[in-house]
Amino acid sequence: MKRKSVQIRKFMLIDSAYKSRVLRGDKVTTIRYGDYEARPGSEVYLVVTPSDTAIAKVRITHVEKKKVRDLTNEDAKLDGFSDVKELLRELNRIYGELYGDDEVTIIGFEVIKRFEDGIPLKWLKGLNYREPAEIARLYLENREKLNLNRETDFIMRRIYNEGLGKAVRTFGPKKVQQALLKTYHALYAAGVI
């Protein structure tokens, strides 16, 4: 029985152990066991687990299918490993024992935007994959149409001027999330988004 392919449309999960390698540019591919589909040129969020936090937005550069036995040292280096043996040890740790005939998908990417403070994935989903900074910018550009309360106004200004992390540290994550959702829905109702 053929396994179903996995579609990568909005985000791609990676282990938090790889976060610094990705942000430094040492890891520009991810190698997945099985059949994955991603469209070169598409932009997706790179989300670290287990925190489910988006650390960057990346552009898919290429997608390639290979048998495990055909992986090379170059594949390993692009994935942030010193050689193919180290790569195979890690793949076996993650997926269980892989065999030479097993298929993997190599997904190449380039970081186009870093999120210093990270964005919780559930927030991105709630905002229909719009970034908090964009919601804050649209709020400030359309403030007179929206008629939101003073606290929401303060939070949106803080996000816009000082970033999401500063807003969360000042107002707390629950209030910031609620303000973002309230603003998103007001922008939607006003036909802005």
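Let's begin with E90, which sits in helix α3, residues 84–95. Helices here are DSSP runs of H or I with at least four residues, strands are runs of E with at least two, and both are numbered from the N terminus. Is E90 buried or exposed? With a relative accessible area of 16%, E90 is buried. Buried means under 20% relative accessible area, exposed means over 50%, and partly exposed is in between, using a 1.4 Å probe and protein chains only. Leaving aside neighbours within four places in sequence, E90 is in contact with Y18 and F81, where contact means heavy atoms within 4.5 Å.

A quick word on what you're looking at. This is a predicted model, in which local features need pLDDT of at least 70, side-chain atom pairs count only at pLDDT 80 or more, and totals for chains, interfaces and linings use all residues. Residues are numbered from 1 along each chain as its sequence is written, and side-chain values use heavy atoms, with hydrogens and water left out.

Now follow the chain to helix α9, residues 173–189. Which residues of α9 are buried? They are V176, A179, L180, T183, Y184, A186 and L187. Seen down the axis of α9, these buried residues fall within an arc of 165°, so they line one face of the helix. The arc is that of the directions from the helix axis to the C-beta atoms. On the face turned away from the buried side, α9 carries the exposed residues K174, Y188 and A189. The buried residues of α9 pack against α4 (121–126), α5 (132–141), α6 (143–146), α7 (150–162) and α8 (164–171). After α9 comes G191, with a positive phi near 80°.

Let's look at how some of these helices meet. Two packed helices are described by the angle between their axes and the distance between the axes. The axes of α5 and α9 come within 10 Å and cross at roughly 55°. Axes are lines fitted to C-alpha atoms, for helices over the stretch in contact, and angles run from 0 to 180 degrees between N-to-C directions. The contact is made by P132, I135, L138 and Y139 of α5 and by L180, T183, Y184 and L187 of α9.

Helix α5 also packs with α7, at an angle of about 120° and with the axes 8 Å apart. On the α5 side, the residues include P132, A133 and I135, and among those they meet in α7 are D153, M156 and R157.

Finally, have a look at the backbone in a few loops. Most residues other than glycine have a negative phi, and most peptide bonds are trans. Where do we find P50? P50 is in the loop between β5 (43–49) and β6 (53–67), and the peptide bond from T49 to P50 is cis, with omega near 10°. Y129, in the loop between α4 and α5, has a positive phi near 60° without being a glycine. At 19% relative accessibility, Y129 counts as buried. N147, in the loop between α6 and α7, is not a glycine either, yet has a positive phi of about 55°. N147 is exposed, with a relative accessible area of 72%.

Definitions and conventions
Expected span 1.5 Å × (residues − 1).
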